[in-house]
Protein chains: 2
Amino acid sequence: MFNTIGIVGVGLIGGSIALDAKSLGLTDRVLGFDRDGAALDKALQLGVIDKKGAGLDVGECDLVVVSTPVRSIPDVLRGVFERAKDGAIVIDVGSVKGAIVEGVMDFLRDGVYYVPVHPIAGIEKFGVDAAVKGLFRNAYCIITPYDGMDQNKAGAVCRFLEGLGMRIKFMDPGLHDEVFGFVSHLPHAIAYALVGLASRKGDNYRFIGGGFRDYTRIAASSEKMWSDIFLMNRTNLISSIDGFVDELLRLKGMIEEGDYDGLMDYLKKARLFKESLDG
Amino acid sequence: MFNTIGIVGVGLIGGSIALDAKSLGLTDRVLGFDRDGAALDKALQLGVIDKKGAGLDVGECDLVVVSTPVRSIPDVLRGVFERAKDGAIVIDVGSVKGAIVEGVMDFLRDGVYYVPVHPIAGIEKFGVDAAVKGLFRNAYCIITPYDGMDQNKAGAVCRFLEGLGMRIKFMDPGLHDEVFGFVSHLPHAIAYALVGLASRKGDNYRFIGGGFRDYTRIAASSEKMWSDIFLMNRTNLISSIDGFVDELLRLKGMIEEGDYDGLMDYLKKARLFKESLDG
């Protein structure tokens, strides 16, 4: 599908894309690029990439996948656009899209085709050691189109991502950030706050029931990745936090008033919604 | 260990205790008691109990396990104390302990030995159909002693619970409720509020990333069980909610101010605490 793929940022996501692209026959060769030479060596040693690239010299690549920490993505994309060959497709896989898409519009150039992408397949691990085959199988992937995006090249990206097993949805970059500020960034903020609070309590609080275990899982994610995401999607995340605090205080009000019927109704609706998501 | 065990309330917890007690040779016979005749029939049919008991006629039982919904436990215990034979041990497995222990002190009588217990092994399923063997293997179990609790009988309860695979800890009933108001009841309240809020958003919000999936899991729990728990542990839960809201707003403050170093430090500490829990 693509003779040569360049992975810029060989971590969990970039590495897993490389592994699948090769094993599923979607490319002949993967070049790796990373400022961290040790990560690049490890990627080569693990067979995640076929060859180490120098700097951002992506000129040989038919497809470039930018999977660096989200805050660095606009700058990296700018450098990639400059060096990419004519006809190359460039995607980024950042979890925040509005600021990235907006930030790179001025640097787009003719003959290089940019498609912004968000594969929803993060796990709490990170680094190229954690890269695995099949990470994206049945995962959703959001493409966030912008004015002037080449539809044929976007179609080629779709086929590549579908080849990795993903299900594609299109969403405006701004709406994407609003939705993911709520369904992903807010839960992470909540988990961090809960675990942060627990960490300052005494040993009596080290009993981990089902509820708390669920929250600690995502609080084991990379602080670098999540500091970046929280700050890049600041506005949406703040309004999600405010909306959530209002909702939690509404639930607290029912508990305070001993409103048994109101509570039963509230919790039941939540359970039914959860069941509708599974169906 | 006990010739005859009575299970009052044959749901997930009571049923799973019955299954293990029999298969591990800790009892010869299990009698089941439940106001819900259909649940009792099903328990018999599934082999969870050996015989249906009538009303609260627990007079044949050497050990009575009260595993009804937590709000009903004080009344049920009162009835069980009246009908239990001399020398019988009675335990309840409610997830809230202070209100239960306090509520039944006046009804204790000589010759019947009460030991309050909280096995930390809930899953989001409920009902006797969900009862399984091995639910308590390696789970913590809290015993919450009160003045005058018989130490020998508490020892017998320990050996029984350890026979089911549990690890025993002792904790004052009030401290138990404070701790579990934070590590279990608060996470459930948060999960319900998050899912409740999501259920009123549009279809764009149905993308379920790792973060949101973790929260929806516990929001699928029984609304009856959790309405009861929220109200019985009201005071502790409310102060846990207040403390958590303060903490989340502190995190929001760092995001609002763009305090990258502060965020990195906060998230890293949370991750390290999570790793210390696993270790």
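Predicted model: local features only at pLDDT ≥ 70, side-chain atom pairs only at ≥ 80, totals over all residues.
**Entry 1: Lys252(B) and its partner**

Next I checked what Lys252(B) pairs with: Asp242(A) forms a salt bridge with it, and the closest N and O atoms are 2.6 Å apart. This pair crosses between chains, running from helix H9 (residues 234-256) of chain A to helix H9 (residues 234-257) of chain B. Asp242(A) has a relative accessible area of 31%, so I noted it as partly exposed.

**Entry 2: other salt bridges**

I searched the whole structure and found 30 salt bridges over all chains. One of them joins the side chains of Lys52(A) and Asp41(A), at 2.6 Å from N to O. I traced both ends: Lys52(A) lies in strand E3 (residues 51-52) and Asp41(A) in helix H2 (residues 37-45), 11 residues apart. Lys52(A) is partly exposed at 38% relative accessibility, and Asp41(A) is partly exposed with a relative accessible area of 38%.

I also looked at Glu82(A), which forms a salt bridge with Arg83(A), with 3.8 Å between the closest N and O atoms. Glu82(A) is exposed at 53%, while Arg83(A) is partly exposed at 38%. I then found a network of salt bridges linking Arg71(A), Lys224(A) and Asp228(A).

**Entry 3: the nonpolar core**

Which residues have the most contacts inside the largest nonpolar core? I found Phe244(A) and Phe244(B), in a core of 216 residues. Leaving aside neighbours within four places in sequence, I listed contacts of Phe244(A), among them Leu186(A), Ile190(A), Ile190(B), Phe244(B) and Leu248(B).

Methods
Residues numbered from 1 in each chain as written. Chains lettered and ligands numbered in written order. Heavy atoms only, no water. Core = buried A, V, L, I, M, F, W, Y, C linked by side-chain atoms within 4.5 Å. Buried < 20%, exposed > 50% of the residue type's maximum accessible area, 1.4 Å probe, protein only. Contact = heavy atoms within 4.5 Å. Salt bridge = Lys/Arg side-chain N within 4 Å of Asp/Glu carboxyl O. Helix = DSSP H or I, 4+ residues; strand = E, 2+ residues; numbered from the N terminus.
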